[in-house]
Amino acid sequence: MVRADDDDRRGLLVLVDALARIPSLADRAGRNLVIRMMSAELRETLMVEEHQAAIGHLFNLAEACLSSPERLAALIRVVSRFEPDSGAMAELRRVVAGLTPLDLFPTHERARLFTLPAGVVVPDIADIYRVVAGPTAPSLYGPTTYTEVFRVLETLNAGADGVPRPLVFVEHIAARVRTELAIELHRWTESQAVSMGLLPELTAVRDSLRPERAQPPTKPGSPAYLVLHLDRYAPTGDRYRLSYWWQRGGPTLWPPTHGEDAVGTLDEVREQVASLLEKEVHGDGHEETPDELNGGDAPEEAEEAEPEDTARPQDPAQDVETSTNRLPRTQGGTTDGARAKRSLSRPLRMGFVVDIVGYSGRTWRLRDVAQRRVSELADAVVDHLGLDAAAVDLQGTGDGVPAFLPAESDVSRVLSRLLPTWRDLLREDNALYTDRLRLRMAVTLGPVAPGPLGFAGDSATTLGRLVDSEVLRTEATASAEVDLVVLVSDTLHSLVVDPSDTAFTRHPVEVKGYRADAWLWVGRPPTG
C-alpha cells in the first residue's frame with residue numbers, strides 16, 4: 001500500500017509539481033479527460049474535486065492517485081498517451097516510481113490467479129474475508145467478488161505467522177471448490193510461498209483448513225447446520241436443482257461441506273430435503289455417497305468415476321462447480337436407477353446470442369428470409385473464427401440465434417475477433433438485400449450444456465437478459481446508423497479485455513430480477 005506517513009505529504013507536493021509540468025494537464029478540460037479515462041481503466045468513478053486554480057485541481061488529482069498503487073499506475077498509462085516521449089513525462093514516471101511500493105505479487109502471477117476461479121462462486125466469501133482479514137479490517141460493502149477481496153487483502157499486513165493474507169484467502173477458496181481447481185490454486189500459493197521462503201507456514205495454514213481438522217467429530221446433540229439452495233433447472237419450469245451445504249458442530253469455524261447437487265420435480269425435491277434432514281442432521285455422522293442420497297445402497301467397492309466439469313450456476317460472474325445427480329423417478333413403485341446415476345456435464349464455455357431488431361414488424365416472408373440470413377451469418381462467423389463447427393452448439397429462437405462455442409476455445413482471441421467479424425459480415429450481407437438487418441448481441445462466459453428444450457445453465461439466462469435489456473435497446477435506437485450493438489458480460493470483460501480499451505463502456509443492467517454490470521460495444525465501421 002502507498003505509504004501514509006509524513007514523507008507522503010512531501011511526496012504529494014512533488015507529484016503535484018510533476019503534474020504541473022505536463023502540458024496536457026494545463027487546462028481543466030485536459031485534466032477532466034484524464035480523470036475520465038482513468039475511471040474507465042480502473043472501473044471505478046474517480047472522485048476528484050475541481051478547483052478554480054489549476055494547481056488546486058492538480059493537488060486533488062494527486063491526492064486521489066496516492067490512495068492506491070493501481071491509481072498511480074493508471075495515471076501513468078493515461079497521461080503517457082498524451083505525452084509519450086516528453087521530458088515532463090519522464091520526470092512524472094520517475095516521481096511515481098518513487099511513490100509506488102513493490103507489488104506483493106508479480107502482475108502476471110496475479111493475472112494468472114484471477115483466471116483460475118473464473119465462473120466459480122463461493123457463497124460465504126464475505127465470511128471468509130472476515131476470518132482472514134481479522135476483526136479490525138475494513139468492511140466490505142454490498143456484493144463482492146473474488147478479485148475484489150484479494151485486492152483488499154493485499155493492502156493488509158500479514159498475520160503472526162508471516163503468511164500474506166491473500167495466500168490464506170486463496171487456501172480457504174481451495175478448500176471449498178472441486179479437486180481439479182483446488183490443485184491449481186494450491187500450486188499457485190505454493191509457488192508464491194516458495195519465493196517468499198514461507199512454504200512451511202503455508203503448509204500449516206492448509207493443514208488447519210482440512211475438513212478433519214476444521215470439523216472434529218461431534219457428540220450427539222451437538223448443533224448441525226444445513227443450507228439449501230433451490231433454483232429452476234429446465235425452461236419448462238417443472239424441474240428444479242437442489243444444492244446444499246452442511247456442517248456439524250458449532251459455527252466457530254465455518255467451512256460447510258458442499259454436498260452433491262440433485263435435479264428433480266418439486267415433489268422429488270421435497271423428498272430429498274426430508275432425506276437430507278434425516279441423514280445429515282439426525283444421521284450417524286458419516287458422509288453419505290451420492291447413491292445413498294438418491295435412495296440406493298452404498299456400493300461395496302467404489303467404481304472409478306469419469307472426471308466431470310459440472311457446475312451449479314448462481315451468478316453470471318461466478319458459480320460453485322459440483323457434480324449433478326438426478327433424483328430417482330418413481331413409477332409404479334420402482335426407482336429408475338439408471339436415470340438416478342446420470343449426470344450433466346456443464347463446462348465453462350463462451351456463448352453469444354443475436355436478436356433481430358424490428359423482427360415483429362416484418363411480414364412473414366421477410367421474417368423467414370431474415371431467419372435464414374442470421375443463421376447463415378452465424379455459420380459464417382464460426383467459420384471465420386476457425387472454430388470446429390461440429391463442436392459449436394447453435395439453437396434458433398425465431399428472431400435470433402444463441403450459440404455456445406467449444407470449451408477449449410481461446411476466449412481472449414475469440415472475443416477480439418468475434419465482434420468485428422459479426423459487424424463486417426453483417427455489413428456485407430446487408431449490401432445484398434433491400435431489407436437491412438440490424439442486430440442486438442450479447443456475449444458471456446459460464447457453465448452451460450445443451451438441453452432438450454434449450455441450453456441449461458445461468459449463462460443462457462444471462463444472454464437473454466443482456467440482449468433484452470433497456471441498455472441495449474436504447475443504444476440500438478440511438479445508433480440507428482449502426483447495424484450491430486453488443487453487451488459483453490462483466491465476467492467475460494474482466495477476464496479478457498484490456499481495461500484501457502475505450503471501445504467498451506460500462507453500464508448497469510437490471511431486467512427481470514437480473515442485476516449486474518455489462519460492457520457496451522457499438523459496431524461502428526473502423527476509421528481510416
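Predicted model: local features only at pLDDT ≥ 70, side-chain atom pairs only at ≥ 80, totals over all residues.
Close-up 1. The structure holds three aromatic pairs, and one of them joins Phe-114 to Phe-150, whose ring centres lie 5.4 Å apart with the planes at 90 degrees, so that the pair is edge-to-face. This pair links distant parts of the chain, with Phe-114 in helix α6 (residues 107-115) and Phe-150 in helix α8 (residues 146-154), 36 residues apart. Phe-114 and Phe-150 are both buried. A further pair is formed by Phe-150 and Trp-188, with ring centres 6.2 Å apart and planes at 70 degrees, so this pair is edge-to-face. Because Phe-150 lies in helix α8 and Trp-188 in helix α10 (residues 179-196), the pair ties together parts that are 38 residues apart in sequence. Trp-188, at 0% relative accessibility, likewise counts as buried, and the ring pairs link Phe-114, Phe-150 and Trp-188 into a cluster.

**Close-up 2. Arginine charges over tyrosine rings.** The charged end of Arg-367 sits over the ring of Tyr-359, at 5.6 Å from the ring centre. At another site, the charged end of Arg-373 sits over the ring of Tyr-433, 3.9 Å from the centre of that ring.

**Close-up 3. The largest nonpolar core.** In soluble globular proteins, nonpolar side chains tend to be buried together. The largest nonpolar core of this model has 38 residues, and those with the most contacts inside it are Leu-418, Leu-419, Trp-422, Met-441 and Val-443. Among the elements that each supply at least two residues of this core are β10 (348-356), α16 (364-384), β13 (439-447) and β18 (514-522), while α17 gives the most, with seven residues. A second, separate core has 32 residues, including Leu-15, Met-38, Ala-74 and Leu-92.

Close-up 4. In helix α19 (residues 470-478), the buried residues are Val-471, Leu-472, Glu-475 and Ala-476. These residues cover an arc of only 130 degrees around the axis, which puts them on the same side of α19. The buried residues of α19 pack against β13, α18 (458-467), β16, β17 (505-511) and β18. The face of the helix turned away from the buried side carries the exposed residues Glu-470, Thr-477 and Ala-478.

**Close-up 5. Selected salt bridges.** Side chains of opposite charge can pair when their charged atoms come close, and a search of the whole structure finds 22 salt bridges. In one of these, the side chains of Glu-50 and Arg-28 meet at 3.5 Å, N to O; Glu-50 lies in the loop between α2 (28-42) and α3 (54-65) and Arg-28 in helix α2, 22 residues apart. Glu-50 counts as partly exposed at 39% relative accessibility, as does Arg-28 at 38%. Arg-270 forms a salt bridge with Asp-267, with the closest N and O atoms 2.7 Å apart, and because these two residues are three residues apart in helix α13 (residues 266-281), they are separated by about one helical turn. Arg-524 forms a salt bridge with Glu-481, the closest N and O atoms being 3.9 Å apart, and this pair links the segment after β18, which holds Arg-524, to the loop between α19 and β16, which holds Glu-481, 43 residues apart. Arg-524 counts as partly exposed at 42% relative accessibility, whereas Glu-481, with a relative accessible area of 54%, is exposed. Elsewhere, salt bridges that share partners join Glu-41, Arg-77 and Arg-81 into one network.

Conventions:
Residues numbered from 1 in each chain as written. Heavy atoms only, no water. Phe/Tyr/Trp six-rings, centres within 6.5 Å; stacked < 30°, edge-to-face > 60°. Helix = DSSP H or I, 4+ residues; strand = E, 2+ residues; numbered from the N terminus. Buried < 20%, exposed > 50% of the residue type's maximum accessible area, 1.4 Å probe, protein only. Lys NZ or Arg CZ within 6 Å of the ring centre and 35° of its normal. Core = buried A, V, L, I, M, F, W, Y, C linked by side-chain atoms within 4.5 Å. Arc of directions from axis to C-beta. Contact = heavy atoms within 4.5 Å. Salt bridge = Lys/Arg side-chain N within 4 Å of Asp/Glu carboxyl O.
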